[in-house]
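I opened the structure to look up a few local features. My notes follow in the order I took them.

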Amino acid sequence: MLPNHTSKQRLFSKKWILSMAAVVVAFSVLSACGTKKAGDTTASPTPAASPAASPAVAGNPTDVLATYKEGGKITRGEFNSFINVNKMFSPQLAQYMTDPAFQQDMLKQMVTFRVLSAKADDKVKADADKQVAEQMKAITDYFGKQEGGMDKQLKDNGIELKDIESLMKMSFYTMGSMESTITDKAVQDAYNEQAAAHAFDIATVSHILISLKDAATQKDIRTKDEALARAKEVKGKLDKGGDFAALAKEYSDDPGSKDNGGTYKDADINQWVPEFKQAASTLPLNTISDPVESSFGYHVMKVESRSTKPLDDTMKTQIKSQLAEKSLSEFAEKEYPNLIQTNNLPKPEASPAPAASPAASPAASPAAK
């Protein structure tokens, strides 16, 4: 396959570290149970080392770290439990436990979850409670089979089972409350907008890849000029009536398709690198393309069909969740500063302003002369 290579986000930033902790919980459990996609090298969650179980903020657990409007308060113990639950399912977060920027982001999440989960109505809570019960059973069943069982996991991370359930409830209540405000019109509008940007396009595409590198070793096998010349040779044979499947088997360097006529059938175009996606979106149907350059090399392509997935119930649910998460992030960015009354966590140090370089001076600028 030709995956779309995107840079990995940092584990913490001004954005959410976890847009919904329950999703992380569910993903972690499923991954640990062996349901990862083929080729996924992401490590399954492992018990955090004992030293990592030390609190993010040391001191008396009953001390108040922050207060927010309508009488809300967060104690040191509650805050540490919130972070430690997240860390249990994403052990890599342990390295950021004492980072002020990380702590401030986690406080923002915690306050936002608390405020918004309190707005959930009885129906949202009833539906969420069922999901929480299912998730808690899956979690306890999984960790119960590990060395030391669930008790060891809890001890290693300095939490109790009720801490996991509390965060799960806040997460599901929050998202359920947010989703309940999303109208059918909003979902339809979002679908139309994303569909116009080819977000739901599927296509059947045949291609012959002439690569610059060996697929297995990633060692250089030909120069760009050599690859382009070979791709033009393939196109010439196809233009003269050559059999696409036979030529794909002979020439293509794509192990995922060469033995299948070079074809990806009814595939989501968004999984492909930008150049390949663009070609799949725009090439005339059933026409042999000129060589298309991508990060893999050169592709000689033929788009056999192209369509847009309709708005079905599954997609409606996905879009509603997307809109709810967007609303959640917007609430956190816009409303959170107005909610906080006191915040005793350490503040991140401001980065010093970069010194102006001599070239930035108008007198030194060629345009100013």
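I call a residue buried when its relative accessible area is under 20%. The model is a predicted one.

Entry on aromatic pairs. I looked up Trp272 and found 0% relative accessibility, so this residue counts as buried under that cut-off. I then checked Phe276, which also counts as buried, at 0% relative accessibility. The structure holds seven aromatic pairs. In the pair of Trp272 and Phe276, I read 4.9 Å between the ring centres and 80° between the planes, so I logged this pair as edge-to-face. I also noted one aromatic cluster formed by Phe89, Tyr142 and Phe143.

Entry on strand 1. I asked how many of the five residues of strand 1 (residues 64–68) are buried. Four of them are, so strand 1 is largely enclosed by the rest of the structure. I next looked up its pairing. Strand 1 runs antiparallel to strand 2 (residues 72–75), and four bridges join the two. In this pairing I found Val64 opposite Thr75 of strand 2. Three residues lie between the strands of this hairpin, and Glu70 there takes a positive phi near 65°. Strand 1 also pairs with strand 7 (residues 340–343), in the antiparallel sense and over three bridges. Here I noted Asn343 of strand 7 as the bridge partner of Ala66.

Entry on His299. I located His299 in strand 6 (residues 297–308). Is His299 buried or exposed? I found a relative accessible area of 0%, so His299 is buried. I then looked at its side chain, which makes a polar contact of 2.7 Å with the side chain of Ser294.

Methods
Residues are numbered from 1 along each chain as its sequence is written. This is a predicted model: local features need pLDDT of at least 70, side-chain atom pairs count only at pLDDT 80 or more; totals for chains, interfaces and linings use all residues. Side-chain values use heavy atoms; hydrogens and water are left out. Buried means under 20% relative accessible area, exposed over 50%, partly exposed in between (1.4 Å probe, protein chains only). A polar contact is a pair of N or O atoms within 3.5 Å; within protein, one must be able to donate a hydrogen and the other to accept it, and residues adjacent in sequence count only if both atoms are side-chain atoms. Two strands pair if DSSP finds at least two bridges between them. Rings of Phe, Tyr and Trp (its six-membered ring) pair if their centres lie within 6.5 Å; planes under 30 degrees apart count as stacked, over 60 as edge-to-face and the rest as tilted.
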